[in-house]
Each structure stands twice: as C-alpha cells, then as structure tokens.
Amino acid sequence: MSGRVIVITSGKGGVGKTTTNANIGTALAKAGKKVVMIDTDLGLRNLDLLLGLENRIVYTIVDVVEERCKLKQALVKDKKNPNLCLLAAAQTRDKTAVTEEQLKDICEKLKKDFDFILVDCPAGIEQGFQNAVAGASEAIVVTTPEMSAVRDADRIIGLLEAKEEIKSYKLLINRVRPNLIKSNDMMSVDDVVEILSADLIGIIPEDTGIITSTNKGEPIVNDEKSLAGKAYNNVARRIIGEDVPFLNLEEPQGVMAKIKKFFSGLKGGEK
Amino acid sequence: MILANLYNKVLGFFRQTEKEAEESSKDTARNRLRVVLMQDRTNLTPELMERMRKELVELLSKYVEMDKEALELNLEQDGDQVALMLSIPVIRAKDEEEIKAALEADKKEEEEEISDDDTEEENNTYKSADNEEEEEEKHEDKNSTEEIDESKK
C-alpha cells in the first residue's frame, strides 16, 4: 500500500482547517479507506477535541519522535470507525519538538499501512507550517469568502507552489453564506476561485450544526441531514476520484421555504 | 390581553424547549473543555489519572471496603485553585483486626523491597503539613466566631 499524504492548511487561523480535517478524515474512513490524521499543531492541539478522542491519548507525536513509544502505539483509534486513527500533537511542547525530517519519516512509515494520511497544519507560515508540509505531496487550502482569509490563502498557495514535493493543491471554500452572496454582501465562490485561480475541491456552507457537533466531539459528516456534512462527504468522494457535482446551496432550506416550494410545485402540476 | 398572554406562554414554552436542547450540547462542550483544560494545566494525562486511581484504591482498601469500580477521581477547579476530588462509595469500614492484618502484610512487602527510610521521612513531612493546616483552620474558625460575636454586640 502506498498512501496519499495530504496537508490541510490555510495560513489564517480560524477558517476551519481542523474541522475540515476531522470531517474529510471521517468521511474517507466511512467510505472504507484506511485513514490516519496527524495533528502537527504542537502546543495548541485541537483535532482530538473535534473527534471526541481527547481522553484516549496516551502517546503523542513527540513521544514517537523521542522514541518513548512505537509509532503504532501512538495511533488512537476512532470511537466508531476502526479505519480511522489519530496521531495527536503534544500539548506541552512547541513547534521545535519535531523536525521536517522526522515528520517526513513518520509519513513515509504510515504510507505503508494507510490509504490516506491527512496532516493538520497549524496557522501561520513559520516552522509549524514547514514541518506539516514536509511529508505531503498534495495540499488542500482552506479559506473563507473574506478578504483576510483569501489574502492569506494566496500567500500559502505561493509557498506551496515553491515546494517541489507538493504535486497538486486544491481550494476548499468554507463558511459560505448563500444569503449574503445573493445580496452581494459576500464574495461569491466564483469570485474567490477567480482571484486565487486555483482548482476547487469543495464548497462548505456555514452551518450552525458545526457548533453542536464540535460540542459533542462528533464530526458533522455523521449527521446525514446536515448540509455541511453532505458537502464534506462530497469533498471526500472527490478526493477518492469520483466526479461529484457541487451542492446547490441556494436551495431554500427553512420549513417555510419548503412549504412555499411544495405549493409552487402543486401550482406547476395544475397547469 | 388574554390572547396576548396565551401567545406569550406558547412562545415561551417553545423557547424553553429550544433552550434545553441547546444547553445539552453546550453542557457537553463545557464539561469536555473543563476536563481537557485541567489536563493541560496540570499535565495529568488520563493515563496518569488512571494510575493514581488504581493506587488510591489499593491504599484505601486497607481501611475500608468499597466499590472499587465506582471510585471517582476528578480534577475540579475552584477559583484559581485546582482540587483533586475523590469520591468513594464505602460499603463498610473494616474492623481493627482487618486493618492490622492489611498493614502488616504491607510492612512485610516494604521490608522485602528496598530500605524505606525515605518514605518514612516523607510521611512525617506530610503529617506535619496536615497538622499545620488543621491548626490554621481552627484559628480561622475562632476568628470567624469572634467576628460574629462582635457583630451581635
């Protein structure tokens, strides 16, 4: 087996890197792939919280690097899906505790046993970013339709292009609000794609369900009804290689809108 | 008026149920966060907590018979201070002979291991610290009762 190593990065903090990581990882595992997620945000780990695995961590990536345990011992299995594992970051150390070479080495070893290695990158463009990118050959750049996030994404894309190891990168636009786009108060997906001139792999709508799913430590892809969950599932399918059309986010979702739609459908039938 | 009241009541009912549903996920978040922050601040991993729990069970079993599985050991925050909260469901206190036997068995083990000078010294320091605390508490109690007396006057 030779797994694909994908780094999930953004430059700016708070745009949803870790949420994206948790959801794509869970969705890929649900599709039957063997997935391991590596949290490289040393000192500020959070991927464990989003997956609800915070109480199961015994060893971290720093323990692996400093040879206090074997790599396999440090992999925390997901509660629901045995295909899914987490290699947690150490909370008590800083970004210098692991080097680029060491991360590369870990990725190489994991490639043998997993289909996908998802690397959760810290915010910023310093050593933490360099480490996270070191072992990857693909990247997903997460951004939102906001000026600062797009600007930082552009900077990240520039850095990724300069890296020989990164063979391809894709854009994921998070927290899209169709209503605001409709009223011309938010840049549209097309605007962002045009500005960054990058290939798109996903459009995720803003979804309050993300808040409750984070509270519970359960990725939203497990919620079949959630639109953001569907969108993340679609991203996973595109990563596997399926051709999945983007969701139509403009479709009204509220109860009143559904009733309206139902009646307008009836009218159409009478004709 | 009556209609308006009814309207508010119905609305209030729906709001309440909504709030309750919200709170449940909010509460999980708050509780999970508390536990994680305790771990971060104290550096006590779940593994270490479990080890501590096991050792406490071993120690306390000498004196009381308890529900070992139900023993709860949690870190809790009280203002600026982190407290270690221990809850032990006691089935019954052991009688003197049982305690003696347990302690003697323990002594034998210790003797078999290494010399135990260090541990004895540690025990002594702990004892004196405890005593000091107790004395302080007594002082505080006296002070507070005195204050009350004065206020009565």
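Which residue in strand 8 of chain A is the bridge partner of A:Val176? I looked it up, and the partner is A:Pro205.

I note the ground rules here. This is a predicted model, in which local features need pLDDT of at least 70 and side-chain atom pairs count only at pLDDT 80 or more, while totals for chains, interfaces and linings use all residues. Residues are numbered from 1 along each chain as its sequence is written, chains are lettered from A and ligands numbered from 1 in the order in which they are written, and side-chain values use heavy atoms, with hydrogens and water left out.

**Strands of chain A**

I found strand 7 (residues 168-176) of chain A paired in the parallel sense with strand 8 (residues 200-205) of chain A over 4 bridges. Pairing here requires at least two bridges found by DSSP between the two strands. Helices (H or I, at least four residues) and strands (E, at least two) are DSSP runs, numbered from the N terminus.

Strand 7 of chain A also pairs in the parallel sense with strand 6 (residues 138-143) of chain A, over 6 bridges. There I saw A:Thr143 opposite A:Ile173.

**Salt bridges**

I searched the whole structure and got 20 salt bridges over all chains; the term means a side-chain nitrogen of Lys or Arg within 4 Å of a carboxyl oxygen of Asp or Glu. A:Glu138 forms one with A:Arg4, with the closest N and O atoms 2.8 Å apart. This pair links distant parts of the chain, A:Glu138 in strand 6 and A:Arg4 in strand 1 (residues 4-9), 134 residues apart.

**Chain B against chain A**

I counted 13 residues from chain B and 14 residues from chain A in the contact, meaning heavy atoms within 4.5 Å. How many salt bridges are there between chain B and chain A? The count is 1. I traced a salt bridge to the side chains of B:Arg32 and A:Glu54, at 2.9 Å, N to O.

On the side of chain B that touches chain A, helix 1 (2-42) and helix 2 (46-60) of chain B each give two or more residues. Helix 1 of chain B has the largest share, 10 residues.
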